[in-house]
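These are my notebook entries on one protein chain. I set down what I looked up, entry by entry.

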Amino acid sequence: MEPVKKFLNVLVMVYLVITFLFLLHILSVSKFVMLFDMADNASFYYSLLWAGALLLFTLLLVENAYIATLKRGLERERRQLTEAKAQLFDQRLKAASEAPLVPRAPKTDTGTTTASGREIEIEQNQRHGNSPTDSPTTHPNDAADDTWRPLPDHERPLP
């Protein structure tokens, strides 16, 4: 469809150039009237008008068909993307249901959570004089941590 559209666009441009050359009297209408054995100049312009109208109508049909094929292809791709997302969601849901549940840190009688193994390790390293830079730092929103802290400015997503 695209090659037909390109060819028709070139044909319309050639038609417009020829028509403007006739209207600006660069090309002689009388010579073309004699060449095609027409009655007068009016019949030549009449046939030029019909050729332009048919060309415009053909261009309109081809453009609409081309746009319809593009929309159809876009809709098909959207459907495929939606199906792929649904399959991925199903796979994740299946994997989550098959994975063993890991218990969170137990709650104490005061309602606060006990320290995780990582927090205990960091605290012991600090007590023994090891620098905290030797151990990796935890993320402010670590899943093992029940307290919520806002992300630092450099880690916040853009609005």
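**Entry 1. Terms and model.** I count a residue as buried under 20% relative accessible area, as exposed over 50%, and as partly exposed in between. I note at the outset that the model is predicted.

**Entry 2. Overall make-up.** I looked up the secondary structure and found 4 helices and 0 strands in the protein chain. Read from the N terminus, the elements run α-α-α-α. The chain has 159 residues, and buried residues make up 12% of them. Among contacts with a separation of 6 or more, 42% are between residues 24 or more positions apart.

**Entry 3. Annotated regions.** I then consulted the UniProt record, an unreviewed entry, which places the feature "transmembrane region" at residues 7-28 and 48-69. In the model, residues 7-28 are 77% helix and 0% strand, and the end C-alpha atoms of this span lie 27 Å apart. Residues 48-69 are 100% helix and 0% strand, with 32 Å between the end C-alpha atoms. The same record, according to its unreviewed entry, assigns a "coiled-coil region" to residues 67-94. I found that span to be 100% helix and 0% strand, its end C-alpha atoms being 40 Å apart.

**Entry 4. Nonpolar core.** Which residues form the largest nonpolar core? I listed 11 residues: L8, V12, Y15, F22, V29, V33, F44, L48, L55, L59 and V62. Helix 1, helix 2 and helix 3 each supply at least two residues of this core. The largest share, 5 residues, comes from helix 3. I also checked L48, which is in contact with Y15, T19 and F22 when its neighbours within four places in sequence are left aside.

**Entry 5. Aromatic pairs.** How many aromatic pairs does a search of the whole structure find? The search returns 5. One of them joins F32 and F44; the pair is tilted, at 6.0 Å centre to centre and 35° between the planes. This pair links distant parts of the chain, since F32 lies in helix 2 and F44 in helix 3 (residues 41-98), 12 residues apart. Is F44 buried or exposed? I classed F44 as buried because its relative accessibility is 6%, which is under the 20% limit. F32 has a relative accessible area of 26% and is therefore partly exposed.

Another pair, Y46 and W50, is edge-to-face, with 6.4 Å centre to centre and 75° between the planes. Both residues lie in helix 3, 4 residues apart, about one turn of the helix. Y46 is exposed because its relative accessible area is 52%, whereas W50, at 47%, is partly exposed.

**Entry 6. Two lysines.** I next looked up K5, which is found in helix 1 (residues 2-23). Over the face of which residue does K5 lie? K5 lies over the face of Y66, at 5.0 Å from the ring centre. Not counting residues up to four places away in sequence, K5 touches V62, E63 and Y66. Its relative accessibility is 18%, so K5 counts as buried. V62, one of the residues touched by K5, is also listed in the largest nonpolar core.

K31 lies in helix 2 (residues 29-35). I classed K31 as exposed because its relative accessible area is 58%. The C-alpha atoms of K31 and N41 are separated by 9.8 Å, the two residues being 10 residues apart along the chain.

**Entry 7. Backbone at H25.** My last entry concerns the loop between helix 1 and helix 2, where H25 is placed. What is the phi of H25? H25 has a positive phi of about 60° although it is not a glycine. Most residues other than glycine have a negative phi. The relative accessibility of H25 is 66%, so H25 counts as exposed.

Conventions:
Residues numbered from 1 in each chain as written. Predicted model: local features only at pLDDT ≥ 70, side-chain atom pairs only at ≥ 80, totals over all residues. Heavy atoms only, no water. UniProt positions renumbered as here; feature names shortened; annotations may be inferred. Buried < 20%, exposed > 50% of the residue type's maximum accessible area, 1.4 Å probe, protein only. Phe/Tyr/Trp six-rings, centres within 6.5 Å; stacked < 30°, edge-to-face > 60°. Lys NZ or Arg CZ within 6 Å of the ring centre and 35° of its normal. Contact = heavy atoms within 4.5 Å. Core = buried A, V, L, I, M, F, W, Y, C linked by side-chain atoms within 4.5 Å.
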